[in-house]
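Please open the model in your viewer and keep the selection tool at hand. The stops below say what to pick next and what is found there.

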Amino acid sequence: MQALQDQIQVVAFDADDTLWENEPLFREAERQWADLLHEYGDLPTLSAALYAVEVANMEDLGYGAKAFTLSLIETAIQVTDGKLTAAQTREILKIGRRLLHNPAAPMSGVTETLRRIRACGRYRMVLLTKGDLLDQEHKVLRSGLEPFFDRVVVVSNKSKREYSRLMKELDVSAEQFLAVGNSFKSDIQPVLELGGWGIHIPFHVLWELEKTEEFDHERLLRVTCFEEIAPILCQS
């Protein structure tokens with residue numbers, strides 16, 4: 001741990017399903033959507049159709065509640081063979097709009113852990129999240145966590161390209177950069193491949209697109225809950 005503390009200058013925290021719950025809300029929205037279209041297939045069948053549309057739309061629509069809602073509507077038109085009614089469309093829009101009001105309540109231990117890391121004064125703290133700019137900004141504000149961060153950054157994707165750009169903007173090397181998050185694919189792997197550090201906090205629900213083959217690494221730490229991070233970063 002001392003090697004990590006001696007090198008790290010910036011800690012970049014993921015937001016969705018790291019600081020507050022997000023994916024369970026999407027899965028509940030998907031279930032409600034499937035209930036609305038139950039005469040056209042069961043949940044696994046409709047979910048598979050939705051996922052295919054989401055993947056196809058990714059390049060144009062990216063991530064977030066708005067992109068998800070458009071994919072819900074497109075998939076509904078597809079599986080109903082164009083028979084989707086105005087009333088059903090209205091209900092799908094309501095389902096999607098509810099996602100935009102995610103309360104973003106900090107999960108257990110998050111607020112106190114961020115407060116402790118901030119108080120130890122060793123690191124610059126960044127919130128790095130991907131998705132729709134307005135939606136993510138609103139969630140950050142509703143969470144009440146913004147004061148803990150020196151900077152809040154919203155990106156359309158998390159790859160080595162985005163991390164490299166952020167490191168350059170912050171004037172730190174990869175060896176001085178630590179990423180904390182629930183998605184190994186988006187939050188951890190790109191940083192490790194650049195030469196940085198990662199703390200992985202698995203969440204009990206993971207979107208299919210975020211699943212990947214995980215691996216061990218000398219600069220990777222795994223924790224089971226958010227509270228375990230402060231002792232790692234702030235122990236003397």
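**Starting at helix 5**

Select helix 5, whose 14 residues should span 20 Å at 1.5 Å a residue, a value that agrees with the 20 Å between its end C-alpha atoms. The expected span of a helix is here 1.5 Å times one less than its number of residues, while helices (H or I, at least four residues) and strands (E, at least two) are DSSP runs, numbered from the N terminus. This is a predicted model, in which local features need pLDDT of at least 70 and side-chain atom pairs count only at pLDDT 80 or more, whereas totals for chains, interfaces and linings use all residues. Residues are numbered from 1 along each chain as its sequence is written, and side-chain values use heavy atoms, with hydrogens and water left out.

Within helix 5, colour the buried residues, which are Gln88, Ile92, Ile95, Gly96 and Leu99. Seen down the axis of helix 5, these buried residues fall within an arc of 95 degrees, so they line one face of the helix; the arc is that of the directions from the helix axis to the C-beta atoms. Buried means under 20% relative accessible area, exposed over 50%, and partly exposed in between (1.4 Å probe, protein chains only). On the face of helix 5 turned away from its buried side, look for the exposed residues Ala86 and Arg97. The buried residues of helix 5 pack against helix 2 and helix 4, where contact means heavy atoms within 4.5 Å.

**Across to helix 2**

Next select helix 2 (residues 23–36), whose 14 residues should span 20 Å at 1.5 Å a residue and whose end C-alpha atoms are 20 Å apart, which agrees. Its buried residues are Glu23, Phe26, Ala29, Glu30, Trp33 and Ala34. These cover an arc of only 140 degrees around the axis, which puts them on the same side of helix 2. If you now show what covers the buried residues of helix 2, you will find that it includes helix 3 (43–61), helix 4 (65–79) and helix 5 (86–99).

How are helix 2 and helix 5 oriented relative to each other, parallel or antiparallel? Two packed helices are described by the angle between their axes and the distance between the axes. Helix 2 and helix 5 pack at an angle of about 170 degrees, with their axes 10 Å apart, and the two helices are therefore roughly antiparallel to each other. Axes are lines fitted to C-alpha atoms, for helices over the stretch in contact, and angles run from 0 to 180 degrees between N-to-C directions; angles under 35 degrees count as roughly parallel, over 145 as roughly antiparallel, 65 to 115 as roughly perpendicular and the rest as oblique.

To see the side chains involved, select Leu25, Phe26, Ala29, Gln32, Trp33 and Leu36 in helix 2, which meet Gln88, Glu91, Ile92, Ile95, Arg98 and Leu99 in helix 5. The residues of this contact divide into eight nonpolar, two polar and two charged.

Move on to leucine 37, in the loop between helix 2 and helix 3, which is buried, with a relative accessible area of 0%. Leaving aside its neighbours within four places in sequence, leucine 37 is in contact with Leu46, Ala76, Val79, Thr80, Leu84 and Gln88. In helix 3, select proline 44, which counts as exposed at 58% relative accessibility. Proline 44 and arginine 31 are 13 residues apart in sequence, and their C-alpha atoms are 9.8 Å apart in space.

**Two aspartates with positive phi**

Most residues other than glycine have a negative phi. Select aspartate 81, in the loop between helix 4 and helix 5, where phi is near 55 degrees, a positive value; aspartate 81 is exposed, with a relative accessible area of 63%. Then select aspartate 171, in the loop between helix 8 (160–170) and strand 4 (177–181), where phi is near 60 degrees, also positive; aspartate 171 is exposed, with a relative accessible area of 67%.

Glutamine 189 is found in helix 9 (residues 184–194) and counts as buried at 19% relative accessibility. Beyond its neighbours within four places in sequence, glutamine 189 is in contact with Phe184, Thr212 and Phe215. Finish at leucine 206, in the loop between strand 5 (197–200) and strand 6 (220–222), which counts as partly exposed at 33% relative accessibility. Apart from neighbours within four places in sequence, leucine 206 is in contact with Glu23, Asn182 and Lys211.

How values were computed. Nonpolar A, V, L, I, M, F, W, Y, C, P; charged D, E, K, R; others polar.
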